[in-house]
Amino acid sequence: MSVVLDEPLTSDPTPPEPSGGAWRTRILPVAQGTPWVGWALTLLVAVVGGALRFYRLGTPKGRIFDEIYYACDAQNLLRYGVEHATVEGNANCVPTGTGAFIVHPPLGKWLIALGLKAFGTNEVGWRFAAAVAGTLTIVLVVRIGRRMTGSTLLGVLAGLLLSLDGLHLVQSRVAMLDVFLVLFTTAAFACLVADRDAVRRRLAATPDDALRRRGPGLGLRPWLLACGACLGAALATKWSGLYFVAALGLLAFAWEVGARRTAGVRRPVRATLTRSTLLLVAALVVLPVVLYTLSWAGWFASDIGYDRHWATQNPQTSFGFVPDALRSWWHYHSEIYGFHSHLDSKHPYQSHPYGWLLLA
């Protein structure tokens, strides 16, 4: 598979010199077959997976499991632009007029709100966005599998397996956040694979004399920026997206080092550090953080959001240059972190990780 580094990851100052043009063929992404056939089969798998996800989407009736939180949050986001506490036990999510302590960022709930806007406050409305996200993830898996293996058959098989996976199917039919996190992290990986292929094509087209020492600069790399945008969306859905920021950042670095080494660049690790570190940090760290912050725009613009005026009620003498809104936002995040850190209650139906592969 083309994702494996062609040679060991090392900063050896004297890597083997490229022999002839053989390495240029070896570094190029694998061929993927006839494009229209690939897209036709991708759409066929998407139709199968989508049918399973949209069929009788309004069943079961009522808000099930954590839909009692997220569907109501989405409804109040449409009303006020920020989550409100609701009257306990009220089926219509009637707000109490006070901000609600919310432990997940807003983006996933805004996506649920789009379904409510389109189809009304009903089961189809609050589950529609999840079904769309699940279907799009199937498309991404087919395309990723095809690109990485060069086999349309293997890509289609990967997509079919996901479309029939019980856990993914259920998460695609309920108004919860997990399926959106899966969509954005899968999209981030797809963009990173596309960036890897673009980097390799760029190196293969570079003359030998330009590959000496550090090798060429790689330009703006739009697919890398798209990866960062998807990671930002993942973070703005759930904090667990942070793990993918770290993992994909390291993977992007490793893939580039491997590509430069295969191209005969001397000191490929140092070359990647000097040539690409700034862009990697900007695209895969700074951009996600900026987009995450922007996802809280409704909270910043509101007067009723939870902890919105905490800084005003708790003035300080140090760090007085920090705006009250940012201080309040930071305090809110510290409370969210405390909630997740001390959450130890168990569900009676939970399963142990060792049994997940067998759905035990």
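I begin with the lining of the second largest cavity: its residues comprise seven nonpolar, three polar and one charged. In this classification Ala, Val, Leu, Ile, Met, Phe, Trp, Tyr, Cys and Pro are nonpolar, Asp, Glu, Lys and Arg are charged, and the others, Gly among them, are polar. The model is predicted, so to speak of local features we require pLDDT of at least 70, and side-chain atom pairs count only at pLDDT 80 or more, while totals for chains, interfaces and linings use all residues. Residues are numbered from 1 along each chain as its sequence is written, and side-chain values use heavy atoms, with hydrogens and water left out.

What does the lining of that second largest cavity consist of? Its residues are Leu77, Gly81, Val82, Glu83, Pro106, Trp110, Ser295, Trp296, Ala297, Gly298 and Trp299. A cavity here is a set of points, on a 1 Å grid over the protein atoms alone, where a 1.4 Å probe fits but cannot get out, and lining residues have an atom within 4 Å of a point. The volume of this cavity is about 50 Å³, a volume being the space filled by probe spheres set on the points, with grid points joined across faces, edges and corners. Helix α13, residues 297-301, gives the most to the lining, with three residues. Helices are DSSP runs of H or I with at least four residues, strands are runs of E with at least two, and both are numbered from the N terminus.

Ser295 is buried, with a relative accessible area of 14%. Buried means under 20% relative accessible area, exposed means over 50%, and partly exposed lies in between, with a 1.4 Å probe and protein chains only. Leaving aside neighbours within four places in sequence, Ser295 is in contact with Pro106 and Ala236, where contact means heavy atoms within 4.5 Å.

Let me turn to the protein as a whole. Its secondary structure comes to 15 helices and two strands, and the C-alpha trace spans about 75 × 60 × 40 Å along its principal axes. Of the 360 residues, 45% are buried. Among contacts with a separation of 6 or more, 75% are between residues 24 or more positions apart.

Why is α8 described as largely enclosed by the rest of the structure? Because 21 of its 27 residues are buried.

Next, the nonpolar cores. In soluble globular proteins, nonpolar side chains tend to be buried together. A nonpolar core is defined as a set of buried Ala, Val, Leu, Ile, Met, Phe, Trp, Tyr and Cys residues joined through side-chain atoms within 4.5 Å. The largest has 33 residues, of which Leu192, Leu224, Cys227, Leu231, Leu284 and Trp296 touch the most other members. At least two residues of this core come from each of α5 (123-149), α8, α10 (222-235), α11 (241-262), α12 (268-294) and α15 (324-341). The most, six residues, come from α8. Apart from this core lies another, of 21 residues, among them Tyr70, Ala130, Leu181 and Ala234. As for Leu231, setting aside neighbours within four places in sequence, its contacts are Ala188, Phe244, Val245, Leu248, Leu284 and Pro288.

How many cavities of 30 Å³ or more does a search of the whole structure find? The search finds two. The largest has a volume of about 60 Å³ and is lined by Leu192, Asp195, Arg196, Val199, Arg200, Arg221, Ala252, Trp255, Glu256 and Ala259. Two or more of these lining residues come from each of α8 and α11, and α8 gives the most, with five. By class, this lining has five nonpolar, no polar and five charged residues.

I close with the backbone. Thr59 and Pro60 are joined by a cis peptide bond, with omega about 5°; Pro60 is in the loop between α2 (35-54) and α3 (67-80). Phe65 is found in that loop between α2 and α3, with a positive phi near 50° in a residue other than glycine, and at 43% relative accessibility Phe65 counts as partly exposed. Arg267, also not a glycine, has a positive phi of about 50°. Arg267 sits in the loop between α11 and α12 and is partly exposed, at 33% relative accessible area.

Note on methods: 1 Å grid on protein atoms, 1.4 Å probe; cavity = no way out; pocket = protein on both sides within 12 Å on 5 of 7 lines; lining within 4 Å.
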